[in-house]
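Please read it alongside the sequence and the structure shown below.

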Amino acid sequence: MAKVSDIVAAMSVITGGRTVSSMDEVKRGDHPFVIMKSSGIYGKEVLEIPGLIYGDPNKEVKKIAVCMTMTELVIELAGATGVDAVVAHHPIADAASCGGVTLKNYLDLYDVAGLECHEAFHGLHPGIPFLHGHKVLKGSISYGGVHGNIMFVGRALPGIATLGDILDRLDGFMALDQDRALLAEERLVRGIEEIRETSVETSGFIHLGERDSRVGNVLHIFPHTGFSPENLRQAVAENPNVDTVLASISRVYAGHELIETARELGLNFLVGNCHVMEILENGLPLAHALDELLEGVEVVLFRDRVTSTPVHRVGNAAMQAYAREMSASHLLGKHALSET
């Protein structure tokens, strides 16, 4: 029977030893993938620890879930479906990953172990560039000396000659036809045409260039990691054959300085998959690797789906009446601070 410690060992194999073996290793302060993430917002930093975050290493494991970000939804689904351990890609934190309560209490309630990997997993496989139609020639996971500032330089794969070819490739690999069909059915069932869904709304598009614009050499960036216009100028100076900037995981919208810098440099600018697709890009390969290494353990993938619905169309008549009553009777100026 597999144990939580076997998951930790498997993650070490998968990452080439980038994970931590114990909290003592974390506390030494010299592990390259134990990283404090902070944007300077008071009290909101988190220490990224690739490995076991919480749980008994000797706990037996029959079922593992791989997710992108642990939330209370993930913990509830894990408890309801007999999951013994959750391997999250992103860092796990008290309150943020567990519905505003303390992580220990929630995971103990359902006897679920929590593990994470994130930066220790990045750069291990060329899948994201492959899905976006190019082969990596070189790259960095800390471009400009910034941890997590990932950048790839690649050459377009055979059959990828234009920006349109990249968009069509993504549409096929990510099975966006299924997401569009699912959304259409949900709109029909709920009778709400205005429902919008992340995967459909955030599919790829072109900022600079046309569908038939030629692509040869790609600079693949991830804007949410802090990739700056200065980084872009430097990368293009180092790689003068680049003709296309490709942004994925996150994107930029019209007017962003990265777009204007690319325009100044005479480059195409294409937006690829957004963060919601990383569960397929990174989560699914990780899940397959765990499935291969952990004999007799069932591995499942937890995939988020987020929709947007006008507030007055949510639920049914009973739920709308409930929401109006709670709002009118208890929330509209009913809780002014009393003077003492």
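**Domain organisation and selected contacts**

The chain is divided into domain 1, which comprises residues 4-121 and 279-301, and domain 2, which comprises residues 126-273. The model is predicted. Between the C-alpha centres of domain 1 and domain 2 the separation is 28 Å. Domain 1 contributes 7 residues to the contact, and domain 2 contributes 9 residues.

**Area buried between the domains**

- About 630 Å² is buried between domain 1 and domain 2, and carbon and sulfur atoms give 65% of this area.
- On the side of domain 1, the residues that lose the most area to domain 2 are E119, L280 and E281, which together account for 69% of what that side buries.

**Polar and charged interactions across the interface**

- The number of salt bridges between domain 1 and domain 2 is 0.
- Polar contact between domain 1 and domain 2 is counted for 1 residue pair, with both residues at pLDDT 80 or more.

**Make-up of the domain 1 side**

- Helix α11, spanning residues 278-293, supplies 3 residues, the largest share of the side of domain 1 that touches domain 2.
- Classified by residue type, the side of domain 1 that touches domain 2 consists of 4 nonpolar residues, 1 polar residue and 2 charged residues.

**Aromatic pairs**

- In the structure, 5 aromatic pairs are found.
- The pair formed by F152 and F222 is edge-to-face, because the planes of the two rings stand at 85 degrees, with the ring centres 5.9 Å apart, and planes over 60 degrees apart fall in that class.
- F152 lies in strand β8 (residues 151-156), whereas F222 lies in the loop between β11 (217-221) and α9 (229-238).

**Salt bridges**

- Across the whole structure, a search finds 16 salt bridges.
- One of these joins the side chains of D84 and K59, with an N to O distance of 3.7 Å.
- D84 is located in the loop between α3 (72-80) and β5 (85-88), and K59 in the loop between β3 (51-54) and β4 (63-67).
- The D84 and K59 pair also links distant parts of the chain, the two residues being 25 residues apart.

Note on methods: Residues are numbered from 1 along each chain as its sequence is written. This is a predicted model: local features need pLDDT of at least 70, side-chain atom pairs count only at pLDDT 80 or more; totals for chains, interfaces and linings use all residues. Side-chain values use heavy atoms; hydrogens and water are left out. Domain bounds come from an automatic or database domain assignment. Contact means heavy atoms within 4.5 Å. Buried area is the accessible area (1.4 Å probe) that two parts lose on being put together, summed over both. A salt bridge is a side-chain nitrogen of Lys or Arg within 4 Å of a carboxyl oxygen of Asp or Glu. A polar contact is a pair of N or O atoms within 3.5 Å; within protein, one must be able to donate a hydrogen and the other to accept it, and residues adjacent in sequence count only if both atoms are side-chain atoms. Helices (H or I, at least four residues) and strands (E, at least two) are DSSP runs, numbered from the N terminus. Ala, Val, Leu, Ile, Met, Phe, Trp, Tyr, Cys and Pro count as nonpolar, Asp, Glu, Lys and Arg as charged, and the others, Gly among them, as polar. Rings of Phe, Tyr and Trp (its six-membered ring) pair if their centres lie within 6.5 Å; planes under 30 degrees apart count as stacked, over 60 as edge-to-face and the rest as tilted.
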